[in-house]
Amino acid sequence: MEGSGPRPEIKHPIPMHPRVGFLKPLINRPNIEIGDFTYYDDPDGPDAFAEKCVLHHYEFIGDRLVIGKFTAIAEGARFIMNGANHAMSGFSTYPFNIFGAGWEEGFDETTWERELRGDTVIGNDVWIGMEAVVMPGVTIGDGAIVAARSVVTHDVPPYAIAAGNAARVVKMRFDKQTVRRLLAVAWWDWPVDKITRNLDAIRGADIDRLERSA
C-alpha cells in the first residue's frame with residue numbers, strides 16, 4: 001500500500017540505486033541473523049555482503065553474527081569472526097596444523113578454542129561507518145554509532161559514539177536517563193504501520209513525544 005513504508009523482503013528497495021540492499025532477504029546462512037530493514041551500501045552492490053564483509057566465518061566453529069533491525073552499514077565495513085583467531089598460549093602463533101603433512105600431529109585444539117570470543121552482536125538502529133572493522137565477540141548496543149575506519153575491539157554501549165583504533169567511546173548521544181527511556185520504548189520492535197505513523201517522533205529528539213507514541 002502506498003505510504004505504508006517499504007517492504008522488508010525487497011532486496012533492492014531504492015529504485016535506480018542498486019548499491020543499497022536490505023540484507024535479510026540477501027543472506028541465507030545459518031550462522032548470520034539480520035533484522036528487518038538493516039541495509040548495506042556498496043557501489044559494487046550489497047549482494048555479496050556475506051562473502052565480502054563477514055570474514056573467517058565457518059559453521060563448524062559455531063559463532064554467529066547477529067545484527068538487529070534498522071541498522072545502516074556503510075561500504076567496506078568488515079566483521080572479523082572467530083575463525084581468524086590463532087592459538088596464542090605458546091611461543092608461536094603460526095597455525096602449523098592447518099597445513100597438514102605431519103604438522104597437524106600433536107596439535108592441542110583447546111589452545112585454539114581458548115581464543116574464541118563468542119557471537120558478534122550488533123543492536124538495532126546502529127550506524128556503522130565506512131571501512132569500520134568489528135572484531136570477534138563484540139557487542140554494539142542499540143542506537144550506537146561507529147565512526148569510519150574504526151577498529152572495534154570491545155563492547156560499545158547503547159547510544160554511544162565510538163571512534164579510533166582501537167575504538168573508544170568519544171561521546172554519548174544522549175544522557176543516561178534518555179538512553180534508558182529509548183531502550184524501554186524500543187521503537188524498532190513496533191509494527192511497521194505504527195512506525196510509519198510516528199516517523200516524526202522517531203526522527204525527532206523529544207523523548208516525551210516518542211513515549212506518548214509507544
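Guide: A polar contact is a pair of N or O atoms within 3.5 Å; within protein, one must be able to donate a hydrogen and the other to accept it, and residues adjacent in sequence count only if both atoms are side-chain atoms. Here, a polar atom of the Thr71 side chain lies 2.9 Å from the backbone oxygen of Gly123. The model is a predicted one, in which local features need pLDDT of at least 70 and side-chain atom pairs count only at pLDDT 80 or more, whereas totals for chains, interfaces and linings use all residues. Residues are numbered from 1 along each chain as its sequence is written, and side-chain values use heavy atoms, with hydrogens and water left out.

Visitor: Is Thr71 buried or exposed?

Guide: A residue is buried under 20% relative accessible area, exposed over 50% and partly exposed in between (1.4 Å probe, protein chains only). Thr71 counts as buried because its relative accessibility is 0%. Thr71 sits in the loop between β5 and β6 (72-73). Contact means heavy atoms within 4.5 Å; beyond its neighbours within four places in sequence, Thr71 touches residues including Phe37, Tyr39, Ile122, Asn124 and Asp125. In the protein, buried residues account for 41% of the 214 residues.

Visitor: How many helices and strands does the protein have?

Guide: Helices (H or I, at least four residues) and strands (E, at least two) are DSSP runs, numbered from the N terminus. The protein has 6 helices and 15 strands. Its C-alpha atoms fill a box of roughly 65 × 40 × 25 Å along the principal axes. As for contacts between residues at least 6 apart in sequence, 46% of them join residues at least 24 apart.

Visitor: In what order do the strands of the open sheet stand?

Guide: Strands of a sheet pair through backbone hydrogen bonds, either parallel or antiparallel. Two strands pair if DSSP finds at least two bridges between them. In this protein, 4 strands make an open sheet in the order β2-β5-β8-β11, with parallel pairing. The edges are held by β2 and β11 (139-140), each with a single partner strand, so one side of each has no neighbour in the sheet. The parallel pairing of β2 with β5 runs over 3 bridges, and Ile34 stands opposite Ile67 in β5.

Visitor: Which way do β14 and β15 run?

Guide: β14 and β15 run antiparallel and are joined by 5 bridges. Together β14 and β15 form a hairpin with 2 residues between them, and Ala162 stands opposite Val169 in β15. A cis peptide bond, with omega about -5°, links Asn165 to Ala166; Ala166 belongs to the loop between β14 and β15 (167-172).

Visitor: Which residues have the most contacts inside the largest nonpolar core?

Guide: A nonpolar core is a set of buried Ala, Val, Leu, Ile, Met, Phe, Trp, Tyr and Cys residues joined through side-chain atoms within 4.5 Å. The largest one has 30 residues, and Phe49, Phe79 and Ile140 have the most contacts inside it. At least two of its residues come from each of β2 (32-34), α1 (49-53), β5 (65-67) and β14 (160-164). The element giving the most to this core is α1, with 3 residues. Leaving aside neighbours within four places in sequence, Phe79 is in contact with residues that include Phe49, Leu55, Ile67, Ile122 and Val134. Apart from this core lies another, of 13 residues, among them Tyr159, Trp190, Ile195 and Leu210.

Visitor: Where is Tyr159 found?

Guide: Tyr159 lies in the loop between β13 (151-152) and β14. Its phi is positive, about 60°, although Tyr159 is not a glycine. Tyr159 is buried, at 3% relative accessibility. His56 also has a positive phi, near 60°, in a residue other than glycine. His56 is in the loop between β4 (54-55) and β5 and is partly exposed, with a relative accessible area of 37%.

Visitor: Which residues lie nearest the centre of the largest pocket?

Guide: On a 1 Å grid over the protein atoms alone, a pocket is an open set of points where a 1.4 Å probe fits, with protein on both sides within 12 Å along at least five of seven lines; lining residues have an atom within 4 Å of a point. The largest pocket is lined by 36 residues, with Phe70, Asp125, Trp187, Ile202 and Arg203 nearest its centre. Among the elements that each supply at least two lining residues are β1, α3 (176-185) and α4 (192-197). The helix α5 gives the most to this lining, with 4 residues.
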